[in-house]
Amino acid sequence: MHKPVAEEEITSLHDLSATDLIAGYRAKQFSPSEVLEEVIGHVGAWEPHIKALYLFDPEAARAAAKVSTDRWQKGEPAGTLDGIPVTIKDNMATKGQPVPLGSASVKQVAAEKDSPPAARLRESGAIIFAKTTMPDYGMLSSGLSSFHPLTRNPWDLSKNAGGSSSGAGAAAAAGYGPLHLGTDIGGSIRLPGSWCGLVALKPSFGRVPIDPPYVGRVAGPMTRTVDDAALMMCVLSKPDRRDGTSLPADSSLHWKVIDKPPRKLRLGLMLDAGAGQPLESEVRNVAVKAAKAFESAGAVITEIDGILTREMLDGLDHFWRARLWDDLSKLSPDERGKTLPYIVKWAESAAKLSGVDVVRGFNATMAIRAAAANLFHDLDYVISPVSPVVNFPAEFASPVNDPDRPFEHIAFTVPWNMAENPAISVNGGYDAKGFPIGVQIVGRRFDDIGVLGMAKTFEGLRGPQRPWPSPPKK
């Protein structure tokens with residue numbers, strides 16, 4: 001475990017929030033070029049140890065920062081995020097760069113245009129200085145990949161950063177600037193968010209246009225503060241016609257988040273997901289403490305049962321196996337052999353599934369959706385753990401590390417992808433060794449602002465966090 005720096009020593013520009021950076025630019029206290037140089041220097045200190053980045057391009061970033069600096073000097077910023085350093089996950093296309101999906105089996109072909117989230121960030125003036133790592137095809141909650149080096153957790157280099165937004169989580173925790181873009185189909189934003197001590201929002205399905213869209217798949221912010229997540233959402237949520245599943249533009253949404261008074265709100269405390277790994281005691285304690293904090297502020301807390309069943313979780317597993325085997329089966333044996341062996345072993349078993357098995361698996365999504373809708377008849381929000389475990393080894397593909405039981409750790413997160421609800425991970429505390437543990441707050445469909453407001457309230461109820469980890473000494 002790395003020794004954190006003392007809180008009063010955190011004065012570096014790379015540690016400032018995006019909201020503070022914008023205020024500093026506006027007041028001409030510092031420039032985008034100065035901020036970027038500090039970020040680049042910090043990357044140099046951390047990156048040999050955590051391997052969070054892909055396509056890190058300091059020179060192109062310096063050129064973009066200079067242009068941004070000129071705009072701020074003239075008082076003419078390009079948009080909401082002008083001059084803010086940002087990273088984007090490997091699977092979000094950026095024009096002229098390959099999209100390897102974390103796998104050595106994917107052909108390296110330059111993208112013809114920016115994906116919707118990348119386009120919105122670039123239009124706002126954000127400086128995209130790197131992509132971030134992910135596991136093969138995004139099908140692991142791990143930093144393990146056949147294409148990228150092993151990504152490690154800055155809080156403890158022997159531990160996993162999580163995934164599939166592994167590099168984004170590690171980069172945010174290490175202080176590679178304030179804003180990082182991840183994607184999530186079963187927990188891939190929130191799980192690394194929890195294990196890296198972050199604010200990590202899975203928006204309502206369709207709130208952030210993406211390309212290609214898929215059932216339950218969303219893109220969202222991974223940041224250190226709720227305010228920064230909201231600031232990023234005001235850019236990411238702008239419309240894009242390429243996503244036929246995206247929600248209509250809503251001018252009534254104001255992403256400046258204020259505390260949501262919890263008085264008389266009906267909150268469900270979910271400590272048993274209904275399936276998956278058992279809850280570790282330190283995780284349970286943090287979730288219970290979070291619920292009690294809301295209760296002390298006037299919320300009405302009811303302990304509730306999980307909505308996931310073994311049949312639902314196994315059904316999703318079967319469907320996802322078949323979905324990936326469809327891709328892998330089209331590759332030559334040599335190409336397929338470049339994929340992470342764990343992933344191949346997991347996916348190839350789908351060849352034995354019948355069409356009915358796969359359809360029955362897909363139908364689990366609708367069963368989960370119905371159960372979630374019923375749950376929110378009587379509740380405003382749900383409080384739960386994010387992960388059932390505090391952490392797991394960096395070299396593991398998943399906490400169980402068994403391709404026959406690949407999703408035992410996503411039982412608290414995956415229901416909300418299938419049901420399309422907004423869900424956020426916020427750091428709720430630490431284990432006995434100082435490793436972060438996340439709390440999940442889930443809202444009704446489309447109540448993204450409310451979920452952010454609840455997270456903002458929890459930041460105040462929880463109090464200050466421990467200092468972020470510092471890079472190992474050379």
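The model is predicted. Helix 9 (residues 310-328) takes part in a contact with helix 11 (residues 341-348) and in another with helix 12 (residues 355-375). Helix 9 also supplies the largest share of the lining of the largest pocket.

**Largest pocket**

- The volume of the largest pocket is about 790 Å³.
- Its lining is made of 36 residues, and those nearest the centre are Asn 91, Val 99, Leu 101, Pro 212 and Arg 217.
- Two or more lining residues come from each of strand 6 (179-184) and helix 9.
- Helix 9 gives five residues to the lining of the largest pocket, the largest share.
- By class, the lining of the largest pocket has 18 nonpolar, seven polar and eleven charged residues.

**Cavity**

- There is one cavity of 30 Å³ or more in the structure.
- The space in the largest cavity amounts to about 100 Å³.
- Around the largest cavity stand 14 lining residues, with Gly 138, Ser 141, Gly 186, Ser 188 and Phe 407 nearest its centre.
- The lining of the largest cavity includes no charged residues; six of its residues are nonpolar and eight are polar.

**Helix 9 with helix 11**

- The axes of helix 9 and helix 11 approach to within 8 Å, and their crossing angle is roughly 110°.
- Helix 9 is therefore roughly perpendicular to helix 11, since angles of 65 to 115 degrees fall in that class.
- The crossing of helix 9 and helix 11 is left-handed.
- On the helix 9 side the contact uses Asp 317, Trp 320, Arg 321, Leu 324, Trp 325 and Leu 328, and on the helix 11 side Ile 343, Val 344, Trp 346, Ala 347 and Glu 348.
- Eight residues of the contact between helix 9 and helix 11 are nonpolar, three are charged and none is polar.

**Helix 9 with helix 12**

- Helix 9 and helix 12 have axes that come within 7 Å and cross at roughly 130°.
- The two helices, helix 9 and helix 12, are therefore oblique to each other.
- Helix 9 and helix 12 make a left-handed crossing.
- Helix 9 brings Met 312, Gly 315, Leu 316, Phe 319 and Ala 322 to the contact, while helix 12 brings Val 358, Gly 361, Phe 362, Ala 364, Thr 365, Ala 367 and Ile 368.
- The contact of helix 9 with helix 12 has no charged residues; nine are nonpolar and three are polar.

**Helix 7 with helix 14**

- The axes of helix 7 and helix 14 (residues 448-462) come within 9 Å, crossing at roughly 160°.
- Helix 7 and helix 14 are therefore roughly antiparallel to each other, as angles over 145 degrees are classed that way.
- The crossing of helix 7 and helix 14 is left-handed.
- Val 226, Asp 227, Ala 229 and Ala 230 of helix 7 are in contact with Leu 452, Ala 455, Lys 456 and Glu 459 of helix 14.
- Five residues of the contact between helix 7 and helix 14 are nonpolar and three are charged, with no polar residue.

**Backbone features in loops**

- Gly 163 and Ser 164 are joined by a cis peptide bond, with omega about 10°.
- Ser 164 is located in the loop between strand 5 (156-160) and helix 5 (166-174).
- A cis peptide bond also runs from Asp 211 to Pro 212, where omega is near 5°.
- Pro 212 is located in the loop between strand 7 (199-202) and strand 8 (218-223), and Pro 212 is also among the residues nearest the centre of the largest pocket.
- Lys 264 is not a glycine, yet its phi is positive at about 70°.
- The loop between helix 7 (226-236) and strand 9 (266-270) holds Lys 264.

Technical notes. Residues are numbered from 1 along each chain as its sequence is written. This is a predicted model: local features need pLDDT of at least 70, side-chain atom pairs count only at pLDDT 80 or more; totals for chains, interfaces and linings use all residues. Side-chain values use heavy atoms; hydrogens and water are left out. On a 1 Å grid over the protein atoms alone, a cavity is a set of points where a 1.4 Å probe fits but cannot get out, and a pocket is an open set with protein on both sides within 12 Å along at least five of seven lines; lining residues have an atom within 4 Å of a point. Grid points are joined across faces, edges and corners, and a volume is the space filled by probe spheres set on the points. Ala, Val, Leu, Ile, Met, Phe, Trp, Tyr, Cys and Pro count as nonpolar, Asp, Glu, Lys and Arg as charged, and the others, Gly among them, as polar. Axes are lines fitted to C-alpha atoms, for helices over the stretch in contact, and angles run from 0 to 180 degrees between N-to-C directions. Helices (H or I, at least four residues) and strands (E, at least two) are DSSP runs, numbered from the N terminus. Angles under 35 degrees count as roughly parallel, over 145 as roughly antiparallel, 65 to 115 as roughly perpendicular and the rest as oblique. A crossing is left-handed if the near helix is turned anticlockwise from the far one by less than a right angle, and right-handed if clockwise. Contact means heavy atoms within 4.5 Å.
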